[in-house]
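Hello,

Here is the structure for you to look through. My notes follow below it.

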Amino acid sequence: MIQDGYVLSPQPACCYMKNWKPFFPFLMSRSADIIPVFPMNDADHAQCPAGPAEFVISKNRHMKQTAKTTKRLLRFLVLVQFLILTGQSFAQNITVKGRVLKDDGQPVQSATVQIKGTNSGTTSNENGDFSISVPGNGILVISAVDFITQEIKVNNRSSLDVKLAAADKSLDAVVVVGYGSLRKRDVTGAVVSVSEKALREVPVANLQQALQGRAAGLEVQRVGNQPGAGAQIRIRGIRSITGSNEPLIVVDNIPWEGNLNDINPDDVASVDILKDASSTAIYGSRGANGVILVTTKKGRNGDTRVSYNGYYGIGKVADPFPVYNAAEYISMRNLSTWGAGYMPEELRGISAGRNTNWQDLLYKNSMRSDHNITVAGGQNGNTFSMGGGYYNETTVLPGEEFKRYTLRATIDSRIGKRIKIGLNTQNTVSIQNGAQFVSGSPLFPLLALSPLMPAYDSTGAIYQKPWGNVDDNNAGQRYNPLYLKNNNNNWVDRIRRLRTFNSLYAELQILEGLKYRFNLGLSYAQQHAAQFQGADAAPANPNYFRAAQGNIAQVDNGETWGYTAENLIYYDKVIKDKHKIGATLLYSIQEAQSFNNSVRKDSITDDFVQFYNLALSTPINGANTTLSGGESRSAIISYMARVNYSFNNKYLLTLTYRRDGSSRLAPGNKWFDYPALSAGWVISDENFMKNVKPVSLLKLRAGWGKTSNQAINPYESLGLVNNSNGLQAGSTGGNVIRYNYGPTIVTGFNVVTLPNPNLSWEFTQTTNIGLDFGLLKNRITGSLEYYDSKTNDILYSVTLPVTSGVAGSYLTNIGKMSNKGLEFTISSTNINTRSGFTWSSDFNLFYNKNKIIQLSNGITQDIGNQLFVGNSMTAIYDFKNLGVWQLNEAAQAAQFGSVPGQVKLLDYSGPNGKPDGVINSTYDRFVIGDQDADLQGGMTHRFSYKGFDLSAVFYARFGGTLVSQIHQPFASYLTVLDGRRNGLKVDYWTPTNPSNWFPMPQASISNISTAWSTLGYYSGSFVKFRSLNLGYTFSKSILRSLHAQSVRLYFTVDNVATLFSPYYKKTGIDPEGTGVGSQGVSNPGNIRGNARGNGAITIGLATPTRRTFTFGANITI
Amino acid sequence: MKNKLITILSVVVLTMLINGCSKKLEEKPYTVFSTEYFKTTAGFQSGINTLYSGFRFLYGPEGAVGLSTDGTDEYTYAEQPRNGAGGTQDYLTLGNYTLDAANGALLTPWNRSFNNINLANALIEYAPVVPISNEERTVALAQIRFLRALYYLNLVQYFGAVPLDLGTGDLKFNQSPFQGFNRLPVDQLLVKNYQAIIDDATFASQNLPDKRPAGAFRLSKAAAFHLLAKAYLHRGYSAASQASDFQSAYTAATQVINNQSLYGVALQSNYFDVFRAGNDYNSEMLYSVERIPGNFGSNEIGTPNSIGGGKGTDAHNDFCGDYTSVRAPLASSTAQPCRTRAIPYGRPIRRFCPTPYTIFTAFSDKFNDSRYEGTFRTVYKTTSAEGGFTTSMPSGTTYNVESYTADTAFIMALTNQIADSLNGILPAGPRLKPYRVIAPREFYFSGGSIDANITRNMYPSIRKFEDPANLDANNEATRPFPVFRLGETYLIAAEAAMKTGNTTEAMNLINVLKLRAAYRPNLSSAEVTNRYNAIRLTNPSLVTIDFILDERTREMCGECTRWPDLAVRKKLVERVQAYNTDAAPRIQSFHALRPIPRSQLDNTNDPDKAKYQNPGY
């Protein structure tokens, strides 16, 4: 039933037929030497390719038979194609043979040679040769990865040599700009790209870590050190006090809500970061914090390749915490106020010369491994990529582990000439162990236990209560942390998470230059967090977590789901070769919903039940069950229009406009508009620059735009009452207002939030000026950006004085903030010798100056909320610590009610605006600094010679103050120096040791009750050598014998060294944060909490950083 | 043609989407409530529950105990704050009067009251529309107003004048984000404060039920009259005093005393029974803040073995000396037979210890007056078998030692004489007891005045709040915490009578308590009479304010009212200087008011914050 009239290509190439083009080309063979799908006669039948399944697997192998069903299907499809396609006339075809070569004459393999305006094409072979049948007046489009695409008119030539110029990535690489992409040279906003290569240079668990130090204006600060811990990402500073400052993340066109751990960094092909409002305005109400556009790997035309990327690494603690050894501990204790003397076992320890190193005893080697397999290929624009990954990381502490399994697939396919569809699915299951209550829990004992106490008793059993004082041994939860080494059904601490993220698109070419595209994203995530702590069965099976207590279990289940539907219209038109117009129109809706519930129960019938059936419980009393839950839903509806115009490729203009409506705002206040415009001028293309040879590129950009952030939570504009008493839910609950009248238990409600129908977004207006440059034939490229952004109508939860009668705080649109900054990026090829030695480097340096311009009602400071006009939002307000009162200052100290050896605070001011000789919390606390870096950046050096490559990655921050809660005595209890426990080895004052750092161990370190908080401030500057990476890529000849395309083996050391850090010198092991908000037992009160993700980054007790030695391989066959 | 079709189709799809979607922008929360909830029957009642529950912050937790007890003539800080043990600085500075506005204990009353006062204002405003009967409404309003008055009384006794206008007008439900602080002018506001308290308490005394239920502390007229009497008495001593105040206080107090069966109240015959565990709902208790035994979640205690910071009772541990480190049978022994904590003895967190005044002056007669032994634990049984002491209590666990057989480990002797006699010192001879007998001169007192190694920080520990039914010795207590009891009603009536010049009536009222104090079970009535005669008052002229305060120590020691009792009566400085060596050097007259907490001033939207602060801070 096959129609007449088609001919075979005389050369092995893709089949095509006069008057029509394949409709389902993915059914066809992808290899150049495989012949068409549709046989003409029996002789040809022998050369017939296989069905669809064969397409992926077989190579150079012809199936003898074709399944009848496949034939039927194909015939059906052919008929369908006839119905769909319009007739087109073709010129006479000729066969063109040619070669694709590099500048230096070397062949380019796997270059795609396509006939313009069709889907017909072929690829070049190993020698760069290709052969194709093409209309004599046709145009060939030759493209290859890393090269500039070229178009060549055939002009009835039968042989063609094509030289492809290496793509200058800085100029012609395609940059994803949101709802589309642009050539880099056409970009007018502030966009920075991070390549796949850079993302891969440091082995990391997640994307945040991969991005740290990689792009100017992108600040990634660690907020934890467990495997899979997140990070705080800020693009060009902070704009919101109470709203989220996290950038919008868009994965393959669809906004990504939630956990970035769900993305396998190996699946990411590139990351583009939109920094200024002129480029983020297309995301309107979500654009203010910048946008991170993640593009995952796609298939591309060419042979099907199987590649493996993987590594395995072993790590050790990079730096243990410095604590006092036995002798130092004894000196401190003897000097302190501790009156209870030594424990009998400690006295034995002293006489035996014991010096127990608790950290050594518990720390183990950490491990990190990653394995990814990708299969990718495609032909004629019908491409696919699929793969799976497995990541596993453990730390130096027992019980901490992060595992991730990923499966993903991408298919892009053409249906005829006008329709393109694609599906992308990413599925992740992750398991995080130890993140809830295990993580970090042994650290306090490790540092505080007496080095005089034994770890094991004479029989070799773990010494059960090794504290150096009776109280700690008596108090609950004070067993030897070495019990953690063996989890004998003692605990389960697991978060298991499933995320499936799918996007589907369909693109319809309506007319030449006019395209309609529909994107649909569906996301679903389920998280199950289980906690179980078994009953203590000391001495047989002591439970570290439940000393002298029964068991307890908790299960939290939550799900979030959402969809995004986008309708887009694209229009592109070139008029008279000079006016290039591109327009984009959007209508979209996004909805997200979440729901969670949680059960906690104690007295589980038996430990082996764990949390699997909480009905199996024998309550001691009726109230051992705690339940909680919650729900939220939000939706956004948006319209957007964007026009790109360029004249002569020299003058560029972009205009955008977006209108967003949000469910989170009160009725009548839901819709807002976001305009932006930007322009570019390619100065180097001007005639007057033609003679300035060293300058290969000079482009000036300027833009302005307005954006906002979604700083209001669902239901927030409503006035709320709830049953929370504001207390911590402990093991028995206790966070719900309850009362009892005799035996009758009741619940209470109270007002927590005042209603505010006028709530609206925070609007940011940014002006950006950028200069891109290329020097010496673009051997040096870079850019310089200056921006000035101002955020108005800033929302914040005003902590009302409690006398207002509302216990909570009040969210309102007040205040203004500004961020100004400068960003500098430069990439250069420093050395490129004929022998093949190259040294190139990437360097970025930036600063952001954050300043609060206005708070409500002319208030210059809001101490309760740590907000100070004229200062950064990370300002630290406290007394100024001047060190320690020295012996020769006794008289002066006495005037302040102090004695030598106590903390010396600055008498900053007084009631008359002058120092008054009294330290007073009203007049002597002031903004003593902030946590912002004055300057930060990253640097990467890459060397290569023959097959070897070496790279070194550095990350640095200069300026700013860090808050070390492990050095705040009553936050951490590690530097109290009261003789009760061991702690960090700080240099304390004694009459014979005039330290100016820590006060003398004594009952009262100051006559000011909160002076202890001032001992936790240190310079935040550091330079870190993040990773050193040595690789070897096998040569072609070896590869041939291995039948492989490419093989690279490498060795990496991460956390190589802290090259500079004043804090590190002062017994801090790592100047990067370990958490957000106060992590202490006592809260110093001047640390912003993390209610909305804006907490101050602090250093508390957390899993120490590992230095990992990793072997890895990148193999493609 | 086809293009047109596609275009039309697209337009249709788009239009459908747009129309269907605008509804998506409406919010329909499932899990959150608005203030409208308080207009429903259930919501209204839940608001009242919240008001009752709020007092859990103010009666029992460590902050409340410290604020009301530390730095008085009766009590000073014990070993832990003295040695700067973690988290106890607030009690050191409260006790030696170096406290500043950042002291955390101040936040217990300050931060936990105004939201409940505002809720009370809301409930009073919403009450008319709540669908309940008028009788129910009146009783509900009486409870709300009682509770609001009590919140204010607490605040005023510590801080002086406090805002009645939270942002929307006096005693109005405030829903505006008010950042001001309506405290000025302080003298006028104090007048309004007391008037509001008295108005509320008066309304409550007229409209509450006569009696409370036998097994619960729902509010009743007896509690309301007590509150009213106390309010009048406090005002009588204040700058806002009115001539009739003491008479009014007397009238209100005697309303209860003279109509005990009407109000369902009566003194316990045995002083020890007033606070005996298991007898929490006895007839003497007019109002206690309730907690339910063993149920930590319902007591709003998330972590049972935590200390302070929430709504759990710490009082049973705060007064607890370090019995675990007491050596026996001799001070020089190595054995510590109470090494393991025991549930009735509590967790020895040794925050507060009595002054010599309490042990030697107020309780100078520990024999005839049963209240010393009714107040302090004197006998400790072995919890850890060592040094020859035996116990059937399993080792290493913090069980209720009373339910096991155990040797006596040590006693806290009533007098040095008794101790010397039992220890064979005077008269010289063999020791008469196999256990340790600790003489009062060995007690740990203020200033660490004796060798800590002898008694290891042990002093007489208040037994009134012991919780033998608790699950662990380290836990917070789960017993109701008494707020008003009839014993104090007598004292208020006596004091009011004295202030109106009727010292005979005052003496008679006090003697009622003396008679009860003489009583011990198993004594013959003649013996009780003998003892009563030894301690009774016979000369009305001896009834002075100092006598009343001494008697309050004997009757109410440890009941967490001492600091305000002294401060309100303007006796704080004088008596602290006389009796408390830790506090005497620093205390000044301005200390009779606590500082307005720093966080309040930090959050107040006014650069001139000093004008709101109490003088001296």
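First, a definition: a salt bridge is a side-chain nitrogen of Lys or Arg within 4 Å of a carboxyl oxygen of Asp or Glu. This is a predicted model, where local features need pLDDT of at least 70, side-chain atom pairs count only at pLDDT 80 or more, and totals for chains, interfaces and linings use all residues. Residues are numbered from 1 along each chain as its sequence is written, chains are lettered from A and ligands numbered from 1 in the order in which they are written, and side-chain values use heavy atoms, with hydrogens and water left out.

**Salt bridges**

Over all chains, the structure holds 87 salt bridges. One of them joins A:Arg1106 to A:Glu393, with the closest N and O atoms 3.1 Å apart. A:Arg1106 sits in strand β54 (residues 1106-1116) of chain A and A:Glu393 in strand β19 (residues 382-394) of chain A, so the pair ties together parts that are 713 residues apart in sequence. Strands here are DSSP runs (E, at least two residues), as are helices (H or I, at least four), numbered from the N terminus. Both A:Arg1106 and A:Glu393 are buried. Buried means under 20% relative accessible area, exposed over 50%, partly exposed in between (1.4 Å probe, protein chains only).

A:Arg942 and A:Asp842 also meet in a salt bridge, at 3.0 Å from N to O. A:Arg942 is in strand β46 (residues 935-945) of chain A and A:Asp842 in strand β39 of chain A, so this pair ties together parts 100 residues apart in sequence. A:Arg942 is buried, at 12% relative accessible area. A:Asp842 is partly exposed, at 27%.

A:Asp978 pairs with A:Arg980 in a salt bridge, the closest N and O atoms being 3.8 Å apart. A:Asp978 is buried at 11% relative accessibility. A:Arg980 is buried too, at 8%.

Chain B has a network of salt bridges, whose members include B:Glu284, B:Asp369, B:Arg371 and B:Lys464.

**Chain A as a whole**

Chain A has 16 helices and 54 strands. Of its 1117 residues, 58% are buried. Contacts (heavy atoms within 4.5 Å) reach along the chain. Among those in chain A with a separation of 6 or more, 69% are between residues 24 or more positions apart.

Best wishes
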